[in-house]
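Me: I am new to this structure and would like to go through it step by step. Please show it first.

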Amino acid sequence: MQYCEHCKVHIRGNRKYCPLCQNTLSGLGSEEEELFPDIPVTYQYNLMIRVMMFISISIVVVSLAVNAMFPVNVNWPMFIIFGILCIWISLAMVIRKRHNIPKSVIWQVGVISVLAVLWDWKTGWRGWSLDYVIPIVCVVAMIVMYITAKIMRLGVRDFIIYIVLDSIFGIIPILFLLLNLLHVKYPSVISISISVLSLAAVILFEGDNIREELNKRMHL
C-alpha cells in the first residue's frame, strides 16, 4: 500500500500521485487494490464530428468552384450551403435535446416547411418551397436521424421510430409529384430515393431486431 507523507494517509491501488494533494507517493502499489476501474477515453464522437466538418467544407468549396467555372442562371451552391447549414443546426438541436430525438426532428421539419411555404406565398408564389426547400429539409432530417442514431448508439426501439419517420419524409414529396405541384422534380425524386434506400437499409440490417422488438410490444 502506498503512503502520502504530506497527507499522512495510506492510498490503495497503484498511483503515482496522491489524489488529495498531488504529491508523489511512496511505497509500492498493487493493481489488485484498485478501487475504481480504468475507463478508457473514446474519441469516436469527436473524430466523426471533425470528419463531417471536413466533408461539409469540401462540398461547399467544390460547389462554389464548379459554379465559378460553369456559371448558370440558378445559384445552386446556395441551396447546397443552406442544406449543409440545416444539417448542422438540426444535428446540434437533436443532440442537445437527445431525450426525444424523433419529436425534435419532426418539429424542425414542420416549422421550416411551413415558414418556407408562407414565405413563398408572400413573395408571389414561385413554387421554390415545394420544389427545393421541403425535399431538402426531408433529406436533411433523414441524414440527421441516421447520424444521430450512429453517434448516440440508439436502440432497436428508436430504429422503429426511425422507419416511421423515413416513411413520412418519403411520402411528402410523392404527394407533390402525384398532385403535379412541382416545376422542378429532381429534388423530390432524390428525397424519395433516399427515403426508400434508407428504409431498405434499416429493414435489411436491423430487421431481425425490429421484428423481435415488435413481438415483445405486441405480445406475440
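Me: What share of the 220 residues in the chain is buried?
Reply: This is a predicted model. A residue counts as buried when its relative accessible area is under 20%. Of the 220 residues in the chain, the buried share is 34%.

Me: How many helices and strands does the chain have, and in what pattern along the sequence?
Reply: The chain contains six helices and two strands. Read along the sequence, the order is β-β-α-α-α-α-α-α.

Me: What share of the contacts with a separation of 6 or more is between residues 24 or more positions apart?
Reply: A contact here needs heavy atoms within 4.5 Å. Among contacts in the chain with a separation of 6 or more, residues 24 or more positions apart account for 52%.

Me: Which residues lie nearest the centre of the largest pocket?
Reply: The largest pocket holds about 580 Å³ of space and has a lining of 23 residues. Elements that give two or more residues to this lining are H1, helix H2 (76-96), helix H4 (128-151) and helix H6 (186-218). Nearest the centre are Phe-79, Ile-80, Gly-83, Ile-136 and Val-139.

Me: Of which type is the aromatic pair found in the whole structure?
Reply: The search of the whole structure gives one aromatic pair. It is formed by the rings of Tyr-132 and Tyr-186, with centres 6.5 Å apart and planes at 75°. Planes over 60 degrees apart fall in one class, so the pair of Tyr-132 and Tyr-186 is edge-to-face.

Me: Where in the chain are Tyr-132 and Tyr-186, and how many residues apart?
Reply: The pair links distant parts of the chain. Tyr-132 sits in helix H4 and Tyr-186 in helix H6, and their separation in residues is 54.

Me: Is Tyr-132 buried or exposed, and which is Tyr-186?
Reply: Tyr-132 has a relative accessible area of 15%, so Tyr-132 is buried. Tyr-186 has 51%, and over 50% is the cut-off for the other class. Tyr-186 is therefore exposed.

Me: Which residues does Ser-188 touch, not counting those up to four places away in sequence?
Reply: Ser-188 is in helix H6. At 0% relative accessibility, Ser-188 is buried. The C-alpha atom of Asp-131, 57 residues away along the chain, is 7.1 Å from that of Ser-188. The residues touched by Ser-188 are Leu-130, Pro-135, Pro-173, Leu-177 and Leu-182.

Me: What distance separates the C-alpha atoms of Val-61 and Ile-81?
Reply: Val-61 belongs to helix H1 (residues 44-69) and is exposed at 51% relative accessibility. Val-61 and Ile-81 are 20 residues apart along the chain, and their C-alpha atoms are separated by 9.8 Å.

Technical notes. Residues numbered from 1 in each chain as written. Predicted model: local features only at pLDDT ≥ 70, side-chain atom pairs only at ≥ 80, totals over all residues. Heavy atoms only, no water. Helix = DSSP H or I, 4+ residues; strand = E, 2+ residues; numbered from the N terminus. Buried < 20%, exposed > 50% of the residue type's maximum accessible area, 1.4 Å probe, protein only. 1 Å grid on protein atoms, 1.4 Å probe; cavity = no way out; pocket = protein on both sides within 12 Å on 5 of 7 lines; lining within 4 Å. Points joined across faces, edges and corners; volume = space filled by probe spheres on them. Phe/Tyr/Trp six-rings, centres within 6.5 Å; stacked < 30°, edge-to-face > 60°.
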